[in-house]
Amino acid sequence: MTTRSARWMIVPVAALSLSACGINSVPTKEEAAKAKWANVEAAYQRRADLIPNLVETAKGAAKIEQATLESVIQARASATQIKLTADDLEDPAKVQAFQQAQGNVTGSLSRLLATVEQYPDLKSQGRFADLMTQLEGTENRINVTIQDYNNAVQDYNTTIRTFPDIIGAKIVHGAKPMTPYRAVTPNANVAPKVDFGQ
């Protein structure tokens, strides 16, 4: 074998080696995780858009405690103020702030829905029933998008920490782990208590 032909054989081997070092797989998986995050944001935005209609319908149909309605409105307003871009997904503090704000909305909605249980007339209204169906569907969508995002983050984080992709991840891309979405609502598994005795 001549030196010239040996050089030509090195080129495909080098290209194959580079392709196996995370040059392409790291950004591909990072973009996949960011796309999944966009789906999480879209699902939360849908919930935020439904809340004013839900609150207004409840206000018009029943004498629900004003404090309950105001807590839902305030939680929604606070949650929509916290912006989390795809670039912030490497910052656990920013992700946690977003999660906390969304957890507050979930808690307020739970209290509102528990209160609504005391008003059968409201539950039987077609408009309210439609909104409740949409809200339930949205909550399910949120859960699915969070699971998809967490799976994409796990795949990305595993890729940037394992050989041979770690080479391209650290040297070429300077990749950092992304933060998975975790439940932060305290006592999320406990049903809210409604007390009309006060």
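**View 1. Salt bridge between R47 and E139.** R47 and E139 form a salt bridge (a side-chain nitrogen of Lys or Arg within 4 Å of a carboxyl oxygen of Asp or Glu), with their closest N and O atoms 3.1 Å apart. This is a predicted model, in which local features need pLDDT of at least 70, side-chain atom pairs count only at pLDDT 80 or more, and totals for chains, interfaces and linings use all residues. Residues are numbered from 1 along each chain as its sequence is written, and side-chain values use heavy atoms, leaving out hydrogens and water. R47 lies in helix α2 and E139 in helix α6, 92 residues apart. Helices are DSSP runs (H or I, at least four residues), numbered from the N terminus. R47 is buried at 1% relative accessibility, whereas E139 is partly exposed at 22%. Buried means under 20% relative accessible area, exposed over 50%, and partly exposed in between (1.4 Å probe, protein chains only).

**View 2. Salt bridge between K34 and D87.** The N to O distance here is 3.4 Å. K34 counts as buried at 17% relative accessibility, and D87 as exposed at 59%. Salt bridges with shared partners join E30, K34 and D87 into one network.

**View 3. Cis peptide bond between F163 and P164.** Omega is about 5° at this bond. P164 sits in the loop between α6 and α7 (165-172). Most peptide bonds are trans.

Notes. Helices (H or I, at least four residues) and strands (E, at least two) are DSSP runs, numbered from the N terminus.
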